[in-house]
Amino acid sequence: MKVVVIEYNAGNTCSVAFALNRLGIDPVISSDVDEILSADKLILPGVGSAGSAMQYLKDKSLDKVIRDIKNPLLGICLGMQLLCNYSEEDDTACLGLFDTKVKKMQKGRVPHIGWNQVYDLKGPLFDKISEGRYMYFVHSYSVQVNSFAAAVSDHIETFSAAIQKNNFYGVQFHPEKSGDDGLALLNNFISL
Amino acid sequence: MPLTKRIIPCLDIKNGKVVKGTAFVNLKDMGDPVELACRYTQEGADELVLLDITATLEDRKAFLPLIRNVAKNVTIPFTVGGGINCIEDAYLLLCAGADKISVNSAAVNDPGLITELAKRFGSQCVVLAIDAKWKDDSYQVYINGGKKATSINVLEWAGQGEDKGAGEMLLTSIDQDGARNGFALSLIKEVSKKVNVPVIASGGAGKAEHFAEVLADGYADAALAAGIFHVGLVDIKELKNYLNNINIHVRI
């Protein structure tokens with residue numbers, strides 16, 4: 001199986017790759033269109049800000065490529081946010097795969113940093129992961145709970161901790177940094 | 001349930017080894033960084049902080065592969081600091097597997113660095129480390145590993161740092177560092193009130209009760225310690241069970 005971690009010049013591709021290594025997967029880290037099109041599974045990781053990340057994807061013509069992907073794609077943190085219509089961060093038009101907006105978090109301390117519990121788990125990503133397990137979050141923007149939500153979490157207000165639609169998956173937390181539960185989620189994604 | 005409070009062991013790294021001193025001096029060898037990082041991950045640490053305290057450029061070259069090696073071996077997030085002066089320094093560390101980067105002296109010398117880093121990597125990635133020392137009836141910012149006074153007021157600098165885009169404050173009391181007689185509670189409380197980003201308290205942890213004090217409502221979101229974990233004076237697993245039993249929400 002070929003897993004491609006999409007590189008977009010904002011770091012942390014290595015962390016995702018190291019986590020996949022623990023699952024016995026040796027991913028390709030690339031922003032090359034042919035590599036991306038030949039992948040069985042794709043991961044769009046996330047450190048960066050929405051504006052510079054979208055600009056990079058556009059410069060490499062990856063925005064169109066990602067929209068047309070038919071195999072499973074997992075967006076992590078910013079990667080999940082980029083799958084939505086629009087982000088308030090840098091006033092950015094995103095990929096539009098999920099008809100929802102990404103908004104600045106308003107309640108509690110922001111950024112929302114640390115381990116938080118995930119609930120209302122739905123779909124194959126959370127197979128064998130129990131309700132209320134802890135995942136690691138580090139973000140200032142979030143997607144409100146909507147019909148795509150595959151998991152939710154609370155930071156005074158409830159937000160989408162994961163979303164899913166067809167072959168597109170997104171998680172607001174960092175499974176690559178969330179210990180054994182995070183690895184289990186990545187394993188579920190790889191096993192789709 | 002609210003967000004959990006975090007317990008963060010800190011690894012000061014010099015010449016490839018973890019070291020620890022008192023009030024920033026008298027450094028002692030505490031072992032291998034990767035081994036310690038793995039041990040703390042297994043014991044239930046929520047995050048790690050790794051600080052490069054080497055002085056020479058030559059030694060710094062060895063730091064990146066070390067960070068890569070830590071990232072390969074641990075499954076929890078970690079922040080890296082020490083000697084980050086530009087976007088490129090930060091980018092290389094993030095690429096090596098760091099999750100957040102912390103800036104200290106370089107940000108005091110050029111506060112615009114905070115904004116540049118936040119624009120490129122997002123505020124959530126940028127930790128402003130502030131070393132505070134009580135002097136002339138106020139807490140003042142010290143730089144260059146606690147050696148140089150700046151006469152900048154800590155509260156003002158924390159507020160300015162947040163405005164510039166820092167996503168978290170790592171607040172160390174130089175007076176308390178290594179003394180093991182408790183965190184600088186008034187300092188932590190004031191900064192915590194001043195900023196809306198999470199505050200990590202550092203300096204002074206000696207026993208479990210000190211963590212309970214500093215993680216109470218209105219104080220810190222996370223507590224950092226080094227020596228007491230390295231020498232086994234406080235066990236992270238026992239500490240978290242203790243906090244959980246007194247209703248401080250932690251990840252068990």
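Predicted model: local features only at pLDDT ≥ 70, side-chain atom pairs only at ≥ 80, totals over all residues.
The size of an interface is often given as the accessible area lost when the parts come together. Here chain A and chain B bury about 3,100 Å² between them, and 51% of that area lies on carbon and sulfur atoms. Chain A brings 35 residues to the contact and chain B brings 43. Between the chains there are 2 salt bridges; one of them joins A:Lys177 to B:Asp99, with the closest N and O atoms 3.0 Å apart. Polar contacts link 19 residue pairs across the interface, counting pairs with both residues at pLDDT 80 or more. On the chain A side, helix H1 (13-22) and strands E8 (112-117), E9 (134-139) and E11 (149-155) each supply at least two residues, with the largest share, 6 residues, coming from E8(A). By class, this side of chain A has 12 nonpolar, 17 polar and 6 charged residues.

Chain A also holds an open sheet of 4 strands in the order E6-E5-E7-E10, with mixed pairing. Its edge strands are E6 (92-93) and E10 (141-143), each pairing on one side only. Strands E5 (84-87) and E7 (98-104) of chain A run parallel over 3 bridges, and A:Tyr86 has A:Lys101 in E7(A) as its bridge partner.

In chain B, B:Ser192 sits in helix H8 (residues 185-194). B:Ser192 counts as buried because its relative accessible area is 2%, under the 20% cut-off. A polar atom of the B:Ser192 side chain lies 2.6 Å from the backbone oxygen of B:Tyr219. Beyond its neighbours within four places in sequence, B:Ser192 contacts A:Arg109, B:Val199, B:Gly218 and B:Tyr219.

How values were computed
Residues numbered from 1 in each chain as written. Chains lettered and ligands numbered in written order. Heavy atoms only, no water. Buried < 20%, exposed > 50% of the residue type's maximum accessible area, 1.4 Å probe, protein only. Polar contact = N/O pair within 3.5 Å; in protein donor to acceptor, adjacent residues only side chain to side chain. Contact = heavy atoms within 4.5 Å. Pairing = 2+ DSSP bridges. Buried area = accessible area lost by both parts, 1.4 Å probe. Salt bridge = Lys/Arg side-chain N within 4 Å of Asp/Glu carboxyl O. Nonpolar A, V, L, I, M, F, W, Y, C, P; charged D, E, K, R; others polar.
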